Amino acid sequence: MTDIREVSVDELRHLVSERAFSGETMLLNMGPQHPSTHGVLRLLLELDGEILVNCIPDIGFLHTGVEKTMESKTYQKAEVLTDRLDYMNPPGNNLVYCLAVEKLLDLDVPPRAQAIRVILAELTRISSHLLSLGTSALDLAAMSLFLYCMREREMILDIMELVSGQRMMTTYIRPGGVWRDVPAEFASLVNQFVSIMPRRIDEYEGMLTHNDLFLDRTRGIGVINTADCLRYGVTGPILRATGVAHDLRKVRPYSGYEQYDFVIPTQTEGDVYSRYLVRVEEMRQSVRIIDQALRLMPGGAVRSNNRKYVPPPRSELGVSMEALIHHFKLWTEGFDAPEGYVYTAIESPRGELGVYLEGDGGPKPYRVHFRTPSFAHLQIMPLVTRGHFVADTVGIIGSIDIVLGDADR
Amino acid sequence: MAISAEYQPVIAAFQERFNAEVREFRGEVTLILSSEHNVEAAQALRDEFGFEMLIDITAVDYWLKSPERIHLNYQFYSISQNRLLRLRFPLQGNAPRVRTVETIYPGANWYEREVFDMFGITFEGHSDLRRIVLPYEWEGHPLRKDYPLGYEEVQFTFNADEIRVRKPHPRE
């Protein structure tokens, strides 16, 4: 066991102000076990009284070496690890990884599978926004909303369990399609959710949008402008709250998003309140997309017919020798992917989630790298917290909507 | 797939100025440059060609595969033109050094810290080059290909005692 080394303030000399050395300002640790840091995030705060002079985020407590581990697994097996990155958005992580593999292999995906992917990705977007909304309201002392949000999130998790057998770590989306077709009850459950949800979103808005206590804690807090967003690579709801209508589902459509009619909500203030409004409106748009995708969902296969990369359906194994051989080969040694590198990105609930995937001609990825939104967004913490109260930091973390599994990987 | 015509101005400029090599795979454009030009190339992309965002920095280790062992990989994105471009810089040796692009894209700060942490590339002029996800006292750079995945070392009769000393748990 290595001895734990104490880090003296001298090593952080370049990060804190001169006043920290004369004792005029105070250095205070917030986290890593602080409930409002939404995970294991440590913030080193430099305080002048109760005002933040500086905020130094320290991440890595949830680092699991996913990228290294994936290099030792075949392409199919490595996918299981992607669920664990952004644990509020497992189908999204599966989707971006599968899109990268499909791009590398030049693999087709049947339209029915694409529609199922869109429905699941949008359901998770709602579930992620619900959790973000609930916990950030909880941090700002609005207790009841958290319980309502959890109630609706439970419906989404039930749908996830129905299609994949798992509530959270689904691994349902696979390279070339999805694992299997959705069960017969799927459509009615999703329809039920779609009909209930708009009214429920109105309820949440009724509790917060015009609530004076909430407005006091969120308006003019944690402001960031468009130029800073671009300089720091900030995407997603934070960028949209500054007035830029940028959404990868519109600008670089994937999985057939171009067929659906939805708008990108924007706000102009760039503060905590604007981000809240953007997220609420995004939930409404996601409900619209789910509704359309369910109505337009075509029939047919849910997996690509390319047997060199995609395992055959279970029903064929008993009757076809080739199917059995393919099944055996694909699940033991995997498939060989061509040499080359690709980058794919999707719009996750938090922003641009990208995968850099490189193949070397063998059955295992040579290098996988995840460009995660939380990692990029945590960088702006010093910028947006400066000059605010410690209590407001809590609201700002909630509004940036970080997931530490996503940041640390 | 041919390279889309909208990339031609940037490709032509980079070939002339930095002697860049062009690669295309699945419609993605990669420019391979010598690492001494990285700051000038980033500056040109931001100021002349409208790539406002540096989306990602990462690296790939080609241990025993290429004399230029580590390739540094920058992913640029232009929101206004909806265009992606990748720059790649092959680096010589086991302890490569390159200049930081933090002055041009401040968001590069954490990405360069991560690459330093995981690959051991030193970024000259970086304002805060500390390890970012691993503990400060960690030894080695895990995403290099010569770094073991972390299985337990196998004890043979000739080195059993030596390995036992290093083992974290079964020590009496």
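This is a predicted model: local features need pLDDT of at least 70, side-chain atom pairs count only at pLDDT 80 or more; totals for chains, interfaces and linings use all residues.
## Chain B: elements and dimensions

Chain B holds four helices and seven strands. Read from the N terminus, their order is α-β-β-α-β-β-β-β-α-β-α.

The C-alpha trace of chain B spans about 65 × 35 × 25 Å along its principal axes. The radius of gyration of chain B is 20 Å, whereas a compact globule of 172 residues would have one near 16 Å.

## Chain B: burial and contacts

Of the 172 residues in chain B, 34% are buried. Among contacts in chain B with a separation of 6 or more, 48% join residues 24 or more positions apart.

## Nonpolar cores

In soluble globular proteins, nonpolar side chains tend to be buried together. Here the largest nonpolar core has 72 residues. Those with the most contacts inside this core are Ile402(A), Leu54(B), Phe76(B) and Ile121(B). A second core is separate and has 71 residues, including Ala115(A), Leu120(A), Ile201(A) and Leu330(A).

Leu54(B) has contacts in both chains. Leaving aside residues up to four places away in sequence, Leu54(B) touches Gly233(A) in chain A. In chain B, Leu54(B) touches Tyr74(B), Phe76(B), Tyr105(B), Gly107(B) and Ala108(B).

## Arg151(A)

Arg151(A) sits in helix H5 of chain A, which covers residues 143-164. Arg151(A) counts as exposed because it has 12 C-beta neighbours inside 10 Å, and the cut-off for exposed is 12 or fewer.

Arg151(A) and Glu358(A) are 207 residues apart in sequence. Their C-alpha atoms are 41 Å apart in space.

Technical notes. Residues are numbered from 1 along each chain as its sequence is written. Chains are lettered from A and ligands numbered from 1 in the order in which they are written. Helices (H or I, at least four residues) and strands (E, at least two) are DSSP runs, numbered from the N terminus. The radius of gyration is taken over C-alpha atoms; the globule rule is 2.2 Å times the number of residues to the power 0.38. A residue is buried if 20 or more other C-beta atoms lie within 10 Å of its own, exposed if 12 or fewer, and partly exposed in between; C-beta atoms are placed from the backbone. Two residues are in contact if their C-beta atoms, placed from the backbone, lie within 7 Å. A nonpolar core is a set of buried Ala, Val, Leu, Ile, Met, Phe, Trp, Tyr and Cys residues joined through C-beta atoms within 7 Å.
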